[in-house]
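Work through the following exercises with the sequence and the three-dimensional structure at hand. Each task is followed by a solution in steps.

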Amino acid sequence: MLCTILVLNSCTKSIPVENNFEPQIFIHGILVDGINKITVKIQQTVAVTELELNPINDASVTLYTKDPSGIESILSNSFTINNGEYTTTETVTAIIGHSYWIEVVLKDGTEFRSDQEILKPNIPVKKITMDSNFTRIIFNDPEQDINFYLLHYAFYENDNFIYDTWELTNDVLFNGNVNAYYEIADVGGDSVFASIQNLNFNTYQFYLNSFAQYENQIGNSAEDTDPGQLFLPPPAHLHGNIRNITKDTKALGFFGVFSYEFKITKF
Amino acid sequence: MKIKQFATAVWLKKCSKKNILLMKLSLSLFLLGCFQLVALTGFSQNKVTLELKNTALAAIIQQIENQTSYQFIYNNDEIDSNEKLNITVFNEDIKNTLNKLFLNSGILYILKKNHIILSNKEEKQQKFTLRGSIKDAATGETLLGANIIIQNINKGAVTNEYGFYSITLTEGNYIVHYSYIGYASKEVPLELKENKTFNIELTPSTNKLDEVVLTSDTRSKSQVATILSGVITLKTKEIKQLPSFLGEPDITRAILTQPGVTSTGEGTSGFNVRGGNIDQNLVLLDEAPLYNSSHLWGLFSVFNADAIKDLKLYKGGIPARYGGKGSSVLDIRQKEGNSKEFKGEGGLGLLFSRLTLEGPLKKEKLSFLMSGRRSYFDLFFPLGSAEIKDNKLYFYDLNTKLSWDINENNKLYASGYFGADVMKLSFKDEELDENGNPPPEEIIDFRWNNATATVRWNHIFSNKLFMNVSAIYSLYNYALNSKNDTGGGPVNTSGSFNWKSSVENWIFKPDFTFYADPSTKMRFGLNATLFKFTPAKIVTAGEGFNNVNFDPENAIEAAPYIEIEKKWDRFSFNAGLRYSWFANIGEGNVALYSADFPRTVSTITGSNSYKKGEIIKSYSRFEPRFSMKYDLNDRKAFKLGYNRMFQYVHLISNTSAALPFDVWKPSGTYVKPLEVNQISMGYAYDTPDKAYNLSLEAYYKTFDNIVEYKNGADLFVTENIETQLLNAKGYAYGAEIALYKNRGKLTGNINYTYSVSERKTQSAFASENINNGNYYPSNFDRPHLLNLVTNYKLGKKWELGLFFTYQTGRPATKPTGRLIFDGNPYLTYSTRNSYRLSDVHRMDLSFTYKLTGNPDSKWQGSWNFGVYNIYGRKNAFSQFSTFENNVLKTAQFSVIGAPIPFITYNFKF
């Protein structure tokens, strides 16, 4: 009854809001294990009222690496640029245990750099199970390391895509468990594609912030459970592992360095 | 002839004993010569007419000498000619005049011819102590802060929080005046020839004494007599007169009507005092600390007003006996239980009921109090749909107390509190699945509770030394059980899990009060606390998941303290020093981090293990406290104070409203003690008839080592929680003005506060600072705060209560820009708290109707009804934005956005 009273009497109403926009630079890119071309995307944020994006096409990008002995070298500084996307002209070989980072210099001299991130070992998907309620990815979580995972489920029916979802978790609840698992409610289909990306902390933090924002503000799903966001923390900036070296501040974006494993199971 | 400067102290020091003897002999011969001389002169006029109040002795002497042929002789080293005395005589002879003048004064006189020789009585007279307790004549409850005034000599005492007083005076006859707000005063003649005990009972002012009540100081809020600034005292009666939310008198809401006290929003847990976080309030219930003072996520406080005697909020001058929190002390005392007769009271509301029973188990020796309260909106659930019929949502409280008056020197109290919130939600779809099987039942069982137990022993060692020893246990815990896939746990799992977390305190507190003389009181003692924090214990049933058992954190705090309170004629002070030693102790593991990088789980380089009882990290700090008061006269006082407080336990919470499962963390290797320094000053003024009291106060506070949170901090089941925290500093300043009207049909107060509260993070790594290391407003920064509290007596049966508040909207962070990531739009935000929500205002109205039943019956009933938020103001609690289809929509949320009527039947028997 109290809840009813509160629900009836609490209310949400739309209001006009003033805006004080200041453009920022958003950088993101991914390096996964194996031989791949690496792409880094650079854009300048725009006011929420603007529909046109503002890609940056005149920056210089350099990809660095460091081997386990500590020797640093440039992996690539040759990129093709297309609408704010910087792609290495050659493929790059990423090796487990080596560290990688990028440096971006804008035309005005502002310098950005990602943290040196180590490429962590692959976490193979041991098994995918499905019953009437849940689809579960089972894997072996290393005990000696604190791990952060980005998991991707894609469901197919007769090879036709029907649904996919991305999930994020740390290993607090299953650290060192040889049959660690993560599951989601079943959505049907006859085959499942599942991947595990073994993230570094700062990349995980970026995804955590972006997932929270997507759930609460973009997908708007939080409105059902916490209409006033009474119990949500202050909105998080989409910071990851990029720093503005010129100003010594955190910058928007991340350069993810992670291993990638996947499995497809037909049921 | 007068000898006004007979010798100086310096000169005396230079004299040898022989010289002094010669001087005394010379003086005697000189005086003798004077007497012989004046003996030759005759009387002329010996009648005196005087009416002088609070006048210096020298001035009175001058007048008597002018009206008579007498002349005074006294030694200035012995007699203080500036001592203030009262005299009212009409055509009185000199002897009666002098008797009246020097009654209770400590001055002896001798009439020799037409000379009056004065000497100090104290040198000849012994001192004795008057002690005792002051109680309510109707219930036997001790009265805390009652006044004991020795008439004519302007000396007095105040009962301590245990109802005890002691005052030492020279032998003589006195009139002792006992008074307490809301009670008829009493004057008792005292012939002090030996140590005496006066246990006094004062009679409450009743409705039958309406005429008296209306002209007495039953509601006085005068701050003139109190040395400490920024102290608010509220009695249960006042709290019950406020219009209440759903008819339930609420202590937290009553505190929020006071100047300098704000909250992040309506219906949130806790309150913020002068720029302090909610965890900076030391909330004591019968001396036991409470770690969560609210029910239903913050809508109601855990205190049942029927079980409470009174409360005191210290927000400025905080005595040294209190410590462990940075910004305020809310000291709540439970009733002791009626020691004279069996009594009951309670209330029946739409959503809650409460019942209090109290009475003597042995008359005036052993009494009990039991007070319970329960919400029962869940009792209607079975009437609802299948979806909710098995749900439970309620809270309850139980307050108990046993008071044993063992003998004149020993009293024993045992009190306890237990309160809990229960939320059990069952989700069961009525439809069968495609295979015809019933769907799995999903159950969330979430409950949190407070439990405290206090055993207190009052012992009077002597007339001057009083002791209270308290042994206290306090527990706050919460548990979440889930048997489903959407249990609100950290991850989705089909396995059941049981999550528990708790804070436990064991406290030992000996406290001594020494009444050195009528103007000097000393208080000293020790606070020793053993803490145990269990951050998270999760037991899961599913394969593939581990049980989680984060190391419990143990800590110990020992804090000896001493306070001295000294009063002179106009000047008085309360000075204190507290030394707090705090240690975080094993067993446990502490992660080590690379010094070259911000602290994250990725920069852990190892860990140190500590054995059970081994000190992991200790801190020791001195906490000076000083308050002084200068009385401009008996109606005006100026106050100044300085406080330093250290806080060693911290609530880890970065949500708009605190949650029941927020974690408490002790200071340790990475979380430093919070240091708060406050300078405050005040001016208290009473109108000549004392019908109005005015209080003006200003303060400036600094905060060091505030716990703040990194951008996007994840505090949910996080083992290395220090990786989510930032160290911050801050400041707050403000001015508060409050005007109280305490006589007449219309009573109440209006108060206004202007305040600023800001902070900034101080990471060594600039890139992780919030707002690039610049200051930003705290979440509860509300520069303008205006409250109006009124009570109007419409007649013998009807009373009207009205409350109005206006507050600046709280700060907020808003989206300002957008970007595209993985094909989806995302938002960028302003700097932290750079915008504000719209201003807040609300008016509540209540009526109380007292039923007149059988006058011979003990039953007294009254109806309390009214409307909360009478004009339905939709005050913004939060503002949130969504971005869909390339359009930003911003909405604001109001917790209570409509008028809420209420009705409650209250009774006493």
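**Exercise 1.** Determine how many residues of chain A are in contact with chain B, and how they divide by class.

*Solution.* Step 1: 73 residues of chain A are in contact with 71 residues of chain B (contact: C-beta atoms, placed from the backbone, within 7 Å). Step 2: helix H2 (residues 201-218) of chain A contributes the most to this side of chain A, namely 9 residues. Helices (H or I, at least four residues) and strands (E, at least two) are DSSP runs numbered from the N terminus. Step 3: by class, the side of chain A that touches chain B comprises 40 nonpolar, 27 polar and 6 charged residues. Here Ala, Val, Leu, Ile, Met, Phe, Trp, Tyr, Cys and Pro count as nonpolar, Asp, Glu, Lys and Arg as charged, and the others, Gly among them, as polar.

The model is predicted: local features need pLDDT of at least 70, side-chain atom pairs count only at pLDDT 80 or more, and totals for chains, interfaces and linings use all residues. Residues are numbered from 1 along each chain as its sequence is written, while chains are lettered from A and ligands numbered from 1 in the order in which they are written.

**Exercise 2.** Describe the sheet to which strand S5 of chain A belongs.

*Solution.* Step 1: S5 (residues 46-47) of chain A and S49 (residues 815-821) of chain B run antiparallel and are joined by 2 bridges (pairing requires at least two DSSP bridges). Step 2: Val46(A) lies opposite Arg818(B), and Ala47(A) opposite Gly817(B). Step 3: the open sheet has 3 strands, in the order S5(A)-S49(B)-S50(B). Step 4: S5(A) and S50(B) each have a single partner strand, so one side of each is left without a neighbour in the sheet.

How values were computed: Contact = placed C-beta atoms within 7 Å.
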